[in-house]
Amino acid sequence: MQLLFRTSSYFIVLFVVLLSKQVQAQDLGSYVQIAPMQDWVSPVAAFDIENYQEGGDNQNVKYRVIDYQINSIDPADVATYYMREYELLTSNGVQDNSRIEISYDPVFESIHLHEVVVWREGKVLDKLESSNIRIIQQEQDLESLIYNGDETISILLSDIRRGDVVRYSFTRFGSNPIFDQNREYTISTQFGSYVGRYFVRLLSDENAPFHVRRFHSESEITETVSDGVIEYVLDIIDAPLYRYEDGTPTWRETRGRIVFSDFKNWSDVIEWVIPMYERVAVSSPEIKAIAKQLTEEHGTKEDSRAELIGAALQWVQEEVRYFGVELGQNSHQPSLPTETLARRYGDCKDKTVLLISILNELGIEAEPALVDTDMWLLADDDPNRLHAFDHVIVHVKHDGQSHWIDGTGDVQQGKLGEFSESDYGKALIVKEGEDSLTEMNEIDKADVLKVAKEITIHSSFDGSASMKVITDREGELAEYIRVQISNEGLKRQQEYYDDFYRDYFPSLVSSEPLQFDEEAGNKSTVVESYEIGGFWDPSSSGSNYRWLYADDIYSKLDSPEDAYVRKFPYQIDHPVNIVETIVLDVPWTLKNKTSKKSEKNEYFEIERSITSSKKDGQISVKVAYKSLAFEVPADKMKSFAESIERAKDIAAIYVKEGGVQVVDTEMGDKLTTLLRKYGLWIYIVMICAFLYAFLEWVFEPVFNKNIPQGVFYPVSKIKFFVLMVCTIGIYGAYWFYKNFRYLKSEGAKVIPILRALFNVIFYYSLFQFVIEKTEGERKKGLSAIWLGFMAIAYLIATVASSATEVSWFIAVPGVLICILLLFPILKKINKENGVDSAAYRHNSRWRIRHYVLLIPLLLGAVMLYASESNFTPVEKLLAGDDLRDFQRRYIADIMSLQDGEEIEYFYSDDTFDYRLDGNGYTNDTLFSYWQNDDGSIAFKRKARSELLAVDVSVGEDIFESSTITLTFSDQSTMIWNGPAEVDAHKKFVEPLRQQIQLR
């Protein structure tokens, strides 16, 4: 009862308000009035929570109700009622939704404003009186050179606050007479934002029911008939959301729609359209004069038809500029050719009719073809008929082949077959007897783009170089560059190219003016010439290097950021055929060498070949790319994205003084994938191998009672060297142990195990013992000073090879130095025993345990190399410069980092694969990504400027990661795993804490 009273009271207040506003009608012009809604409208009650469900994920605004009603009982007098009720949740919501705009065409439409009210704290506030209402003639399509005469009612609401609920409604009267009382209404059943209730009501004469076609929608439609009127109602509560994914082909979108139409099939559309074009596609003296001029220039023979078609198209494109005046019926009705010629401008309809008239005068049959430039017609079940098209072109047949030419295109040259043609997937040819869509051009070959860069490095010392770029284009690509140069001139085009290459080479300057040449067959050539003051990368220090890219190919190698979780197909640029070559003339000596690498799948293929010639002093790189499909299915996106990463490395060349290298993502990815897949088993094998070797060594004396004993521990240098290298010096401790054990057996007061563990301290004493035993006290041997220097060197080399904070690139040389410093002792021991002694032969023999040990040791070396060379950058803090190029690119792609963002620090908590888990920050962004249970990659990124606090929870030991909690200004958080080492995690978070303190 209270609800009924509240709703009734509201309508009484609203009625009084509307009556009081009718006096203002003259202030808004003759096409806009303030008036109450008509009796046929059955409005949804205002501000009634029963109308919708509380829900949705809108952050700024919540759309409570959308009410859409159409009265088309009389097709000649259509009225459309529209109401929107929404709640403003934030200040941004107020900012974006406190102005109401209603567009209409004054040629055939008028507007009745019913209400603009606000519900605030239980009160209805009228906003028609206090709001600023203006009529604006604002052309939305002028940028597309279309003037449609639309006007806009702009209502600027006053005193709007957060928490207000705004409601406005109006009725639009009239419909475009060009539709000849044919009706078609498209109703969306899914939205990009939450809508609590979507109420749709259509009225039609009982004898003129609509044809209803659905598109990915199962929404219930209620049909009732009363007093000769059929009523269709959709009442959707909590309307389903539609999440659009960037890059989805239009013909694969599945946003729910229902179409109510008078048109049953395409034949109905043809029947409606044909009279428009038949009335105007007629000859005239002006048309005859144009046709005569063209035949005089190109002849009248049958083999001249292709030239005549091309010439007619070029004449229309060149002599009649594109501009559309689409007022009223002119939105669909083309003008007479004589009118278009007199104005020398027209839209797609006008230029199509003019071109058809000229072709018909030349004896060439042609028809209009209706198309949709967004290619919706490729959807198998697109429901639109009357409103299915947004463009019209010309269909003409030549030698049995369909051709699709566009009079609104930029000026094209050549005969039919040489210039590019339109392809929007499907078209409806406006011709008697047509009853279905026609497939347009089948893609048989792409326009070819060839880019050749010739780079001469004059001096390795200062990096001075010159570069010449020759770009050959065919077909549409040649037309595009011709138009660019025609519109802006060669000088401006050269500035574009200069700016592009100057990002690579800051010292680059043009050495010659840009050259542009055209050839027969719709081909063009552009030649650029540059001088480069410094070819080498300015950030290089201690070595000269430069990354070069097959730029045009590289720009095509793209995958979406949501590749691993994508639900819809992804559209790729097709057809594309690009060949890029880079020839480097270098001042250093080369080796004759050839290498090839390729990547191919269902969607593209790319191949690179590199040849270096000692004789010519040149490095030649050729990269060829060809697209193979228009789209990638969602379930193939993961493999496609991985393939794209490998392709990027094929298109990237690393030039270093003395040679050329390529970044090998494949090697890094294969190694990482191998370790991720078999890393645990490698550890198990290593443990088992060490256990077996230990047991065999322990029990060897049990099964062999007669192990020969020598003076100290003789062993061959080869075995000693191999085991020292494979164990990274650990074998040396065992060797020390055996030698000191011999000394203990001779009565020396030593503890072998301790001296072996601390062999770095007892190097000097062992050497002294060996000298005394092998040379005797009467011989001086090595002087104490030199022996002391060797002991110090051994100490330094051992520390260098075993310190955890140093790179293995230092550790390995340290081990080699240790071996060299131990060889003099080993040599004296072996000499004392003799190579024919039983002890030497026994100790030098390779046993099963040695071979068993070598396998895990080699595997461990691979894992160590992968870690220390950052092929697998896991479980250690890395600066951005420590990451390899393909790794930085992977992180940048998956996190959608912007150009210019440089990774400052990165840490991956995964045991083997940085691609599955990682976090870090750039100069602008904080990011984190991880693998979900279903194998997909989830991610989160925030601006560094939003960071409020950084909290660190340090792991209890070196095996447990620290936890870093980032808190942002919107109170959201981001959790990072960080390095366990205290110094490393401090280094990780200190720049972020300093950033907060400096605010």
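Author: A strand is a DSSP run of at least two residues in state E, and such runs are numbered from the N terminus. In this predicted model, Asn-919 lies in strand 40, which covers residues 917-922.

Reader: What makes Asn-919 count as buried?

Author: The word buried is kept for residues under 20% relative accessible area. Asn-919 has a relative accessibility of 3%, so Asn-919 counts as buried.

Reader: Which residues does Asn-919 touch, if those up to four places away in sequence are not counted?

Author: Asn-919 touches Tyr-905, Phe-906, Tyr-907, Phe-927, Ser-928, Trp-976, Asn-977 and Phe-988.

Reader: What makes the pair of Asn-919 and Asn-977 a polar contact?

Author: A polar atom of the Asn-919 side chain lies 3.2 Å from the backbone oxygen of Asn-977. The cut-off for a polar contact is 3.5 Å, and therefore a distance of 3.2 Å falls within it.

Reader: Why is strand 5 called largely enclosed by the rest of the structure?

Author: Strand 5 runs over residues 110-120, and because 10 of its 11 residues are buried, it is described as largely enclosed by the rest of the structure.

Reader: How do you know that strand 5 and strand 1 pair, and in which sense do they do so?

Author: At least two bridges are needed before two strands are said to pair. Strand 1 (residues 32-34) and strand 5 have three bridges, so they pair, and they do so in the parallel sense. Ile-34, for example, stands opposite Leu-113 of strand 5.

Reader: What sense, parallel or antiparallel, does the pairing of strand 5 with strand 10 have?

Author: Strand 5 pairs with strand 10 (residues 165-173) in the antiparallel sense, over nine bridges. Within that pairing, Val-116 has Tyr-168 in strand 10 as its bridge partner.

Reader: What makes strand 5 and strand 6 a pair, and what do they form together?

Author: Strand 6 (residues 123-126) runs antiparallel to strand 5 and is joined to it by four bridges, one of which has Val-118 and Leu-125 as partners. The two strands form a hairpin with two residues between them, and Glu-121 in the turn has a positive phi of about 50°.

Reader: Why is the contact between Glu-631 and Arg-252 called a salt bridge?

Author: The definition asks for a side-chain nitrogen of Lys or Arg within 4 Å of a carboxyl oxygen of Asp or Glu. The N to O distance between Arg-252 and Glu-631 is 3.0 Å, and therefore the pair meets the definition. This pair links distant parts of the chain, since Glu-631 is in strand 35 (residues 631-632) and Arg-252 is in the loop between strand 15 and strand 16, 379 residues apart. In total, the structure holds 34 salt bridges.

Reader: Are the two partners buried or partly exposed?

Author: Glu-631 has a relative accessibility of 16% and so counts as buried, whereas Arg-252, at 38%, counts as partly exposed.

Reader: What makes the pair of Glu-904 and Arg-944 a tie between parts of the chain?

Author: The side chains of Glu-904 and Arg-944 meet in a salt bridge, with 3.2 Å from N to O. Because Glu-904 lies in strand 39 (residues 903-907) and Arg-944 in the loop between strand 42 (937-943) and strand 43 (947-953), the pair ties together parts that are 40 residues apart in sequence. Glu-904 is partly exposed at 30% relative accessibility, while Arg-944 is buried, with a relative accessible area of 9%.

Note on methods. Residues are numbered from 1 along each chain as its sequence is written. This is a predicted model: local features need pLDDT of at least 70, side-chain atom pairs count only at pLDDT 80 or more; totals for chains, interfaces and linings use all residues. Side-chain values use heavy atoms; hydrogens and water are left out. Buried means under 20% relative accessible area, exposed over 50%, partly exposed in between (1.4 Å probe, protein chains only). A polar contact is a pair of N or O atoms within 3.5 Å; within protein, one must be able to donate a hydrogen and the other to accept it, and residues adjacent in sequence count only if both atoms are side-chain atoms. Contact means heavy atoms within 4.5 Å.
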